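Look at the sequence and structure below, then read the points by topic.

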Amino acid sequence: MKITVDHDKCCASGQCAMLAPDVFEQRADDGLAMVLHAEPAPSLHGAVREAAAYCPTAAIQVEE
């Protein structure tokens, strides 16, 4: 799995950081999502998929 975030789409809702805090964090200056681990461990894949599904602007791309 590989994860990217489109910062042009991100609205800084924080859903990803709440649902998958081991993978996503919000930048301090503007709240946009940051990927901490672009290729997370398999144990985190479910949380990443959930974060992508709940992203209100579909800013998270997940490649399987």
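D30 forms a salt bridge with R27, and their closest N and O atoms are 2.5 Å apart. A salt bridge here is a side-chain nitrogen of Lys or Arg within 4 Å of a carboxyl oxygen of Asp or Glu. This is a predicted model, in which local features need pLDDT of at least 70 and side-chain atom pairs count only at pLDDT 80 or more, while totals for chains, interfaces and linings use all residues. Residues are numbered from 1 along each chain as its sequence is written, and side-chain values use heavy atoms, with hydrogens and water left out.

**Salt bridges around R27**

- Side chains of opposite charge can pair when their charged atoms come close.
- R27 also meets D29 in a salt bridge, at 3.9 Å from N to O.
- D30 is partly exposed, with a relative accessible area of 35%; buried means under 20% relative accessible area, exposed over 50%, and partly exposed in between (1.4 Å probe, protein chains only).
- R27 is partly exposed at 26%, whereas D29 is exposed at 69%.

**The salt bridge between E64 and R49**

- A search of the whole structure finds three salt bridges, one of which joins the side chains of E64 and R49 at 3.0 Å, N to O.
- E64 lies in the segment after β4 (60-63) and R49 in helix α2 (residues 45-54), so this pair ties together parts that are 15 residues apart in sequence.
- Helices (H or I, at least four residues) and strands (E, at least two) are DSSP runs, numbered from the N terminus.
- E64 counts as exposed, at 64% relative accessibility, and R49 as partly exposed, at 40%.

**The cavity**

- The structure holds one cavity of 30 Å³ or more; a cavity is a set of points on a 1 Å grid over the protein atoms alone where a 1.4 Å probe fits but cannot get out.
- The largest cavity has a volume of about 90 Å³, a volume being the space filled by probe spheres set on the points, which are joined across faces, edges and corners.
- Its lining has 16 residues, of which C10, S13, C16, A33 and C55 lie nearest the centre; lining residues have an atom within 4 Å of a point.
- The lining of the largest cavity divides into eleven nonpolar, five polar and no charged residues.
- Ala, Val, Leu, Ile, Met, Phe, Trp, Tyr, Cys and Pro count as nonpolar, Asp, Glu, Lys and Arg as charged, and the others, Gly among them, as polar.

Conventions
On a 1 Å grid over the protein atoms alone, a cavity is a set of points where a 1.4 Å probe fits but cannot get out, and a pocket is an open set with protein on both sides within 12 Å along at least five of seven lines; lining residues have an atom within 4 Å of a point.
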